[in-house]
Amino acid sequence: MYKYDSYDQAMVDARVEEFRDQTRRRLDGTLSEEKFRPLRLQNGLYLQLHAYMLRVAVPYGTLNSAQMHVLADIADKYDRGYGHFTTRQNIQYNWIKLEDTPDILADLAKVEMHAIQTSGNCIRNISSDQFAGATADELIDPRPYAELLRQWSSFHPEFLTLPRKFKIAVIASQTDRAAMKLHDIGIRIVKNAEGEIGAAFYVGGGMGRTPMIAPLIREFVPLDQLITYSEACLRVYNRYGRRDNKYKARIKILVHELGADEYKRQVEEEFAHLLTLNIEPPIAELERIKAHFADPAFEAGASDALDLSDPDFALWVERNTLPHKQAGYTIANISLKPVGGIPGDASAGQIHLMAELAKTYSFDELRVTHAQNIVLPHVRKADLYTLWQKLDAAGLGTANLDTIEDIIACPGLDYCSLANARSIPVAQKIAQRFADNGQTGTLGELKLKISGCINACGHHHAGHIGILGVDKKGTENYQLLLGGSEGDDTSLGKITGPGFDEDGIVDAVEKATKVYLAQKQEGERFLDTYRRIGMDPFKEAIYA
Amino acid sequence: MKILTGNDLKTGEVTWWTGQDWSIHVNDAVDVGDQADTILAREEAARRVNSSYAIDAERDADGGVRPGHIKDRIRALGPTVRPDLTLKPADPEAGNWVI
């Protein structure tokens, strides 16, 4: 994985000291909250319901064990013994003190981490495929390009005060595991008819109160023009994106109002101009970055054999592992969704353990997924049973990846000052309901996503089943959506009808699954059946 | 009744105006009548509180103070999904007060 050079380290170290001084001035009264707020936000520090919340960037979700250990140490030393992995492949701490924050950032900097640009109207953490560099179905490893974009977007003077926040995802496989088309810019690395590798640009997607699927703006951008084209996309947005209304300020609104063709025309015009300025980083820099993402030293001839005589292990292998590009290896997914647990939360002890296991069994690498789980990307099959036993002993061996128990849930009203309703208790009740009724396995792949407000951090628009918490005259109410997807077949869910209370929404979800089980045809997922039979049978059952 | 709340500047802890100081216990909150803006401006300037605001609340039958909105009740207690991290860790039913 990428290693900081002296420039990277100097920039991050300088930023820590800058924030230390800003914090001192806030505490002594030199800076008002009005002046300090944008400074702390640009360093990932929010003020949430119970305390300050620090969001730490995990670039494209990739971590090494030393970094993971520091994340655990921060949870222990400065927070309340746990962290929360987010839908943007980051980690958040919920109980941070302002006076401790500069020291936390200094601890992070020692392991090449920071919280810069994890908030504010700037380009946020670049996200990517959590299986990058490990999966057999990718064209190339997308992470060097994600890293190049990270370096370009960090401290970019033109794009630190955009009309609104800006999120970029980069993938390199046909299977979209990063919700690419629901980003401000989604980049898919592709091969053209001539066999050349380039990037397809999807621009203007997003969730929030106005969900939109990004249209394809350009089918093929040569990879040695990737940054220049990105710059053109951002420049047009920065120039014409609305600053008069924060609810209409995202690039999706600009692309929608201009029309994709007109937006593209303006981008192409800007792109042609930028090409004359020669702003693309030198190829040597890309090659330097690529060298950091070379394959680990896989054992040649490693065995593909697995002893599946332990049924619990066999189930975990079936649900939580995926094919690796290297014979004898597998991709192991650690579910942070134990039944009754809090989606995405892990204790300091669990984080330390995952770091140790990554060091021992996965070439020192971990990934954070946008589904709030952790991946050990390169596990030798011969080590898998031992690994699973250690995970299971620590409450990390739950076999439920991509099932109805593997729920994405935002922190909701239990933690978030923007939320209107709690998400976590609903997730817990649904997971418990299906664990109790034994239907989890029967239902197969079923992605359920819950947001506690219209900002959609829980990706409810993109759930096969989505749930949106709203405030109805001071009480929590939950709307049900069906038919969303964030995969290759991205679609937006539709609301079934009137909302429910907390227990009612759990019943409604179960009724929807019964319709699926009664109507499904061979090989159909819940989403496939919904698309075939439409909303009406579900509505009839849910509101009967 | 009208009560005042905010967060401690240094620690971020949720606090409630007691008439003389800030407390982490909502039951210490007092009715400020029409003095909210004056008190908040003074306390913010003295950096004794951060991001403060006034809310409606009522006294319950036991004499306790119950914020009018669920968001402030969760602020007053702590996250309902982590009873161990609330102000009433020994009471597993404390979350019912929020709803």
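Predicted model: local features only at pLDDT ≥ 70, side-chain atom pairs only at ≥ 80, totals over all residues.
Reader: What makes the radius of gyration of chain A agree with that of a compact globule?

Author: For 544 residues, a compact globule would have a radius of gyration near 24 Å, and chain A has 23 Å, so the two agree. Along the principal axes, the C-alpha atoms of chain A fill a box of roughly 60 × 60 × 55 Å. Of the residues of chain A, 54% count as buried. Among contacts in chain A with a separation of 6 or more, 68% join residues 24 or more positions apart.

Reader: How many helices and strands does chain A have?

Author: Chain A has 17 helices and 20 strands.

Reader: Which residues of α5(A) and α9(A) meet?

Author: From α5(A) come A:Pro144, A:Glu147 and A:Leu148, and from α9(A) come A:Leu286, A:Ile289 and A:Lys290. By class, this contact has 4 nonpolar, no polar and 2 charged residues.

Reader: How do you know whether A:Cys453 is buried or exposed?

Author: Count the other C-beta atoms within 10 Å: 20 or more make a residue buried. A:Cys453 has 23, so A:Cys453 is buried. A:Cys453 is found in the loop between β17 (448-451) and β18 (465-472) of chain A. Leaving out residues up to four places away in sequence, A:Cys453 touches A:Leu418, A:Ala419, A:Asn420 and A:Gly469. A:Leu418 is 35 residues away along the chain, yet the two C-alpha atoms are separated by 7.1 Å.

Reader: Why is A:Ala302 called partly exposed?

Author: Buried needs 20 or more C-beta neighbours, and exposed needs 12 or fewer. A:Ala302 has 16 inside 10 Å, so A:Ala302 counts as partly exposed. A:Ala302 lies in the loop between α9 and α10 (311-320) of chain A. Apart from neighbours within four places in sequence, A:Ala302 is in contact with A:Ala327, A:Gly328, A:Tyr329, A:Arg380, A:Lys381 and A:Ala382. A:Asp137 is 165 residues from A:Ala302 in sequence and 20 Å away in space, C-alpha to C-alpha.

Reader: What makes α2(B) mostly covered?

Author: Of the 8 residues of α2(B), 6 are buried. The buried residues are B:Lys71, B:Asp72, B:Ile74, B:Arg75, B:Ala76 and B:Leu77. Their cover includes β1 (2-7), β2 (14-17), β4 and β5 (65-67) of chain B. After α2(B) comes B:Gly78, with a positive phi near 125°.

Reader: How many residues of chain B are in contact with chain A, and which element of chain B gives the most?

Author: In this contact, 20 residues of chain B meet 22 residues of chain A. On the side of chain B that touches chain A, β4 (50-59) and α2 (70-77) each supply at least two residues. With 4 residues, α2(B) gives the most to that side. The residues of that side divide into 7 nonpolar, 8 polar and 5 charged.

Key:
Residues numbered from 1 in each chain as written. Chains lettered and ligands numbered in written order. Contact = placed C-beta atoms within 7 Å. Nonpolar A, V, L, I, M, F, W, Y, C, P; charged D, E, K, R; others polar. Rg over C-alpha atoms; globule rule 2.2 N^0.38 Å.
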